[in-house]
Amino acid sequence: MQALKIGSKYFMSKVELNKEAGPREVFCGLTSIVWLHRRMPDAFFLVVGSRTCAHLIQSAAGVMIFAEPRFGTAILEEKDLAGLADAHEELDRVVNDLICRRPEIKTLFLVGSCPSEVIKLDLTTVAEKLNKRFLGKVRFVNYSGSGIETTFTQGEDGALKALIPLMESTNDKKLLLVGTLANNVEDRFKKIFNNIGISNVESFPPRQSTELPKIGKNTKVLLTQPYLSDTVRDLKHRGCEIIYAPFPLGVEGSTKWFLAAADAFKINELKVHEVIAPLANRAMQALEKHTGILRGKKLFLLPESQLEISLARFLHNECGMELIEVGTPYLNKELMGAEINLLPDNTKIVEGQHVEKQLDRVRASNPDLVVCGMGLANPLEAEGISTKWSIEMVFSPIHGIDQAADLAGLFSRPLKRNQILKSETLATF
Ligand code: SF4
């Protein structure tokens with residue numbers, strides 16, 4: 001039995017918490033540029049990295065090929081790896097060229113990578129110098145997207161943390177939604193909060209990098225994504241209050257998320273139920289066609305996005321799936337406590353990764369579906385195991401009550417496809 005601290009309260013949960021270390025198979029933080037540049041179209045993300053980094057970001061965000069991209073790479077050539085002076089020169093040249101060509105850029109993120117960290121390129125000092133040179137024109141911030149120690153969603157954590165010092169202070173009472181949301185989902189959330197009685201609601205990151213919300217001791221923070229530990233720490237240092245809640249995935253998670261916000265603003269929970277009841281009823285009906293496929297199926301989640309615990313809670317509690325193992329790259333018990341408390345007894349959570357041992361456990365447990373990174377999906381599919389890429393969860397609008405059926409559909413589709421393939425194969429014999 002584990003004691004979990006949520007805010008100032010302790011809860012008991014009968015989950016099994018394990019840790020594992022070893023070889024990892026995850027995307028790096030550069031990947032987060034794909035959704036961050038869509039969220040803030042006045043920002044530019046300049047990766048300071050190698051050709052490998054350039055290829056990764058170009059293929060991950062390949063859809064931008066016909067548009068003027070809002071990301072790029074200052075390539076560190078082999079000779080740069082031997083001399084920092086050349087790297088600084090190349091970076092200066094690329095930045096100058098960018099600012100001349102693209103006057104619409106308001107914030108330029110210098111994104112560190114494995115190569116820039118290996119040669120110890122100090123991007124904080126580079127950003128400070130550039131801020132002085134381009135004062136009043138473009139703001140420079142830096143963070144690391146390196147894959148040496150981090151996973152891909154931590155890129156967003158780094159980018160948001162880098163923006164916090166630029167946020168002005170205020171004592172205004174407000175609700176701050178923290179974590180990137182699809183614009184249409186954000187609009188729906190704000191409408192629901194308004195109907196509940198919380199009208200001063202802002203989002204971080206905002207839709208324009210120059211419109212950063214002001215924060216202070218009367219700012220109540222409600223997270224939309226679970227992978228923002230560093231951002232939360234810095235928001236707390238600025239006096240913000242964190243509302244601890246499950247994450248808004250599925251009907252259950254979203255309902256408890258709205259209820260936690262209402263509680264923080266001293267709004268009666270009956271008001272919340274009155275507003276969301278029609279949405280919840282519709283969502284539960286829409287879920288039925290997917291639960292028919294998902295119920296009783298065995299699920300194995302490999303660690304990659306830090307969304308795994310929330311997904312496991314949704315797929316078990318609302319879709320009836322059986323949880324074999326729930327992997328997560330990192331476990332912040334304070335942020336995840338409310339989620340863990342909703343998991344069924346004896347759920348096996350594994351923090352960290354030893355990819356070979358995990359794959360052995362996948363094969364031994366014969367799951368119906370494995371949630372994993374793209375690199376592991378193909379080999380598992382070749383062995384006849386259905387998979388779902390974790391990265392799809394951050395590219396798809398999955399938040400909120402009315403997205404519950406779409407979220408379930410992401411998992412029921414591969415199972416359905418496999419069923420069809422198997423029946424077609426049998427029919428040919
Ligand atoms: S940052 Fe590191 S892990 Fe990511 S693409 Fe570049 S070299 Fe590879």
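In the predicted model described here, Gln306 occupies the loop that joins β12 (298-301) to α12. The phi angle of Gln306 is near 75°, which is a positive value in a residue other than glycine, and Gln306 is classed as buried because 26 other C-beta atoms lie within 10 Å, where 20 or more are required. A positive phi, near 60°, is also found at Lys120, again a residue other than glycine, and Lys120 belongs to the loop between α5 (114-118) and α6 (123-133). Lys120, however, has 7 C-beta neighbours inside 10 Å and therefore counts as exposed, the limit for that class being 12 or fewer. A further backbone feature concerns the peptide bond from Phe204 to Pro205, which is cis, with omega near 10°; Pro205 is placed in the loop between β9 (201-204) and β10 (219-223).

The domain assignment divides the protein chain into domain 1 (2-24 + 287-428), domain 2 (29-150) and domain 3 (174-272). The centres of domain 1 and domain 3, taken over C-alpha atoms, are separated by 25 Å, and the contact between these two domains involves 26 residues from domain 1 and 23 residues from domain 3. On the side of domain 1 that touches domain 3, the elements giving two or more residues are α12 (308-317), α13 (333-340) and α17 (404-428). By class, the residues on this side of domain 1 comprise 13 nonpolar, nine polar and four charged.

An open sheet of four strands is present, with parallel pairing and the strand order β5-β4-β6-β7. Because β5 (71-75) and β7 (139-144) stand at the edges and have a single partner strand each, one side of each is left without a neighbour in the sheet. From one strand to the next, the twist averages 25°. Strand β4 (residues 43-49) is joined to β5 in the parallel sense by five bridges, and within this pairing Val48 has Ala74 of β5 as its bridge partner. Helix α2 packs on the sheet, where it touches β4 and β5, and the direction of α2 makes about 170° with that of β5.

β6 is mostly covered, six of its six residues being buried. In a regular strand, the side chains alternate between the two faces of the sheet. In β6, Thr107, Phe109 and Val111 point one way, whereas Leu108, Leu110 and Gly112 point the other way, and all are buried. Helix α7 (residues 154-163) lies across β6 (107-112) and β7, and runs at about 140° to β7.

The surroundings of the ligand consist of Cys28, Leu30, Gly49, Ser50, Thr52, Cys53, Leu56, Ser113, Cys114, Gly145, Ser146 and Gly147. Helix α2 (residues 51-60), with three residues, gives the most to this shell. When the residues around the ligand are grouped by class, five are nonpolar and seven are polar, while no charged residues are found.

Conventions: Residues are numbered from 1 along each chain as its sequence is written. This is a predicted model: local features need pLDDT of at least 70, side-chain atom pairs count only at pLDDT 80 or more; totals for chains, interfaces and linings use all residues. A residue is near a molecule or strand if its C-beta atom, placed from the backbone, lies within 6 Å of it. Ala, Val, Leu, Ile, Met, Phe, Trp, Tyr, Cys and Pro count as nonpolar, Asp, Glu, Lys and Arg as charged, and the others, Gly among them, as polar. Two strands pair if DSSP finds at least two bridges between them. Axes are lines fitted to C-alpha atoms, for helices over the stretch in contact, and angles run from 0 to 180 degrees between N-to-C directions. Two residues are in contact if their C-beta atoms, placed from the backbone, lie within 7 Å. Domain bounds come from an automatic or database domain assignment.
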